[in-house]
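Reader: I am new to this one, could you show it to me and then walk me through its salt bridges?

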Amino acid sequence: MLMDVFILGVKLLFPSTFLLWIILTSSFTIPVVLSKTDSRQVSALNNMYQYLKPSSKLEGWKKDGGDPCGDDSWQGIKCSGSDIIEIDLSGLGLSGSLGFQLDKLEKVTYFDVSKNNLKDNIPYQLPPRTQHLDLSGNQFSGTVPYSISQMADLKFLNLNHNKISGSLSDMFGQLTKLTEMDLSFNSISGSLPQSFRSLSSLSKLHMQNNQFTGSINVLADLPLDDLNVANNQLTGWIPDELKDIKKLETGGNSWSSGAAPPPPPGQKSKPHTGRSGKEAKSGLGAAAIIGIILGVLLLLIFIIVLFSKKRSSPSSHFLEEDRFSQRQRFTPLSSQELSSGTRGNMREDFRDSSSATEKHLQTSSSMVLKRLTSERRKSFNEKELTNPPTSNHLKSFNDKEFANPLSAKRSSSVHLAYYPLADLQNATGNFASSRLLGEGSIGRVYRAKYPDGRVLAVKKIDSSFFQDRQCTELADIASKVSKLHHPNIAEVFGYCSEQGQNMLIYEYFRNGSLHEFLHVSDDFSKPLTWNTRVRIALGAARAIEYLHEVCSPSCLHGNIKTSNILLDAELNPRLCECGLAMFHERASRNLDAGYTAPECTKPSAYTLKSDVYSFGVVMLELLTGRKPFDSSKPRLEQYLVQWASPQLHDLDALEKMADPALRGLYPPKSLSRFADVTALCVQLEPEFRPHMSEVVQALVRLVQRSSLSQREDLSASRRIDDDY
């Protein structure tokens with residue numbers, strides 16, 4: 001009241017002064033009123049516009065600031081209040097890429113950039129609440145990003161007519177609202193993921209003109225009325241449930257001829273809607289009944305044979321295998337890729353120098369895995385030694401699966417299984433020392449081989465972690481860990497908890513760990529090539545990004561190091577020990593010298609940014625070939641981070657720091673950019689370290705700028721026989 005009286009008095013006594021006061025105060029409030037659009041969303045659009053090529057003209061768009069939901073008019077943008085809800089840039093002749101901040105567009109439900117000339121990988125993070133996503137008619141490469149798995153509201157997905165390759169991850173479990181999906185005219189390979197079964201609303205599916213393999217049985221129960229799977233490499237039979245949908249295209253595949261086999265005993269055959277009413281009501285025909293009877297007989301014979309095999313003592317098999325493992329020769333692996341750059345042109349850009357010399361040095365790096373006497377041992381039976389496979393491919397992969405290892409990982413959904421202790425004892429030779437693969441902070445890992453040829457890795461967790469705890473705790477932990485699904489994460493197949501023994505069962509990787517490739521090699525070994533090192537770093541970064549930013553709640557790893565990064569048949573990285581941070585927090589010996597962030601004075605102090613630091617140390621190992629801590633080095637060089645960090649931005653120093661085993665065969669600018677990302681990760685202050693999504697995007701850009709071709713790089717990776 002007193003303020004109102006004061007203002008009224010000023011107005012009456014000093015009218016001109018009052019008018020000036022109004023003008024001044026208004027001038028300070030105008031910017032606040034005009035700033036309407038959410039600042040994070042503006043930043044995302046600014047970032048996107050920066051990554052489009054200058055030739056891309058978008059009316060009203062800016063590279064810095066702006067207000068698309070206010071008075072500014074940004075082409076293709078539609079708002080609701082202060083939030084951007086639609087982005088429609090279809091057919092505008094855009095080129096370049098889409099940046100890496102699209103996940104900040106949290107209110108966008110419609111995102112369409114189709115019919116342009118956009119390139120590079122599809123951004124790993126996309127607008128998370130999108131219902132309509134159309135990226136078709138561009139030149140996007142890489143794989144389908146796993147972040148699509150988190151778009152629970154997605155109804156329409158169109159990625160057709162791009163250059164997408166690789167296999168589909170098991171990412172469709174939450175997309176129950178998806179009604180239309182078009183993946184046609186790409187180079188996607190591998191089998192159809194089992195999570196397709198969860199697409200309960202899918203009515204239209206186009207996958208023609210790709211390289212899909214295997215059967216389409218996973219589609220049988222979907223409510224499809226438009227299905228096109230033509231021109232792939234599909235096999236098996238077309239399920240009866242699909243034969244009468246309105247639009248069906250299946251030509252150009254290798255379908256099996258003749259009648260489909262009967263369903264397994266005890267499983268009823270679903271009636272085909274195309275049958276006559278009389279046939280549908282008549283139940284099983286004579287042929288079906290005979291087929292079921294034969295199936296039961298075959299099953300009984302199989303059970304009898306299997307039981308007889310189990311009755312025979314397996315110990316002799318494993319003793320024989322362990323005996324021959326002592327004199328087994330090394331198993332070499334070759335990795336071939338194009339790599340340019342020499343010491344003479346260290347300061348030249350890789351692309352510029354290659355255009356000047358028009359010369360690529362084709363370097364075949366055959367990496368020989370050294371026999372480990374204390375840290376890790378591999379053993380194979382006599383048959384494997386005396387009769388090496390005639391194929392260059394691993395025995396566990398067929399030719400098509402070898403070219404697409406991520407799709408060959410499983411032919412069906414992973415179901416957490418219980419492994420009896422007695423079976424694991426038989427499969428590991430009673431946990432013989434010759435089966436020891438390695439020992440980490442929470443236990444030992446053994447190689448388990450079954451008579452039927454299956455090979456698994458058994459992580460035997462130290463019993464001290466389960467003192468005064470219920471044995472069922474491991475079942476709960478295993479169940480949670482088994483839900484982590486990512487192409488760069490080692491899968492958990494099952495567990496065992498008996499007689500005080502607690503074990504997790506993982507998939508087995510014959511190539512071992514990144515630590516072995518970098519630090520445990522003999523005089524005849526050649527190193528991982530530069531392209532392969534960058535690809536390993538990117539894959540591992542994607543795995544950590546998934547744990548940190550895709551999982552909800554975020555999943556701390558807590559023990560990132562090269563010995564926990566396994567390599568599959570084609571040197572793709574698989575991060576292991578994911579979801580086991582609760583053990584690492586209780587393991588005082590987890591503080592491995594060299595990997596631990598400076599703020600972590602104890603394991604419980606670990607944070608997501610501590611994971612970023614540890615990953616930075618892994619990158620330093622890839623760059624220098626040195627261990628995180630090496631007591632054999634001079635005192636000032638023993639700790640890798642302390643020695644390397646001050647030199648990461650010095651080109652002359654980088655040349656000297658680079659792993660000598662590379663022999664200068666790397667693009668100089670690629671090395672420099674890799675060092676820049678590494679420097680960000682190993683900063684002393686946690687708040688200054690980047691998020692893993694930023695690390696991923698930086699590595700993606702590094703790959704793109706260096707023109708690294710993953711397809712060319714992978715195609716030459718193969719095993720060769722022991723006798724060569």
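Author: A salt bridge here is a side-chain nitrogen of Lys or Arg within 4 Å of a carboxyl oxygen of Asp or Glu. This is a predicted model, in which local features need pLDDT of at least 70 and side-chain atom pairs count only at pLDDT 80 or more, while totals for chains, interfaces and linings use all residues. Residues are numbered from 1 along each chain as its sequence is written, and side-chain values use heavy atoms, with hydrogens and water left out.

Reader: How many salt bridges are there in the whole structure?

Author: Searching the whole structure gives 12 salt bridges. One of them pairs Lys459 with Glu577, whose closest N and O atoms are 2.7 Å apart.

Reader: Which parts does that pair tie together?

Author: Lys459 sits in strand S20 (residues 455-461) and Glu577 in the loop between strand S24 (573-575) and helix H14 (581-586), so parts 118 residues apart in sequence are tied together. Helices (H or I, at least four residues) and strands (E, at least two) are DSSP runs, numbered from the N terminus.

Reader: And is Glu577 buried or exposed?

Author: Glu577 is buried at 4% relative accessibility, and Lys459 is buried too, at 5%. Buried means under 20% relative accessible area, exposed over 50%, and partly exposed in between (1.4 Å probe, protein chains only).

Reader: Switching topic, what does Arg626 meet in a salt bridge?

Author: Arg626 meets Glu637, at 3.1 Å from N to O. Arg626 is buried, with a relative accessible area of 18%, whereas Glu637 is partly exposed at 24%.

Reader: Which residues are joined into one network?

Author: Glu507, Asp568 and Arg574 are joined by salt bridges that share partners.
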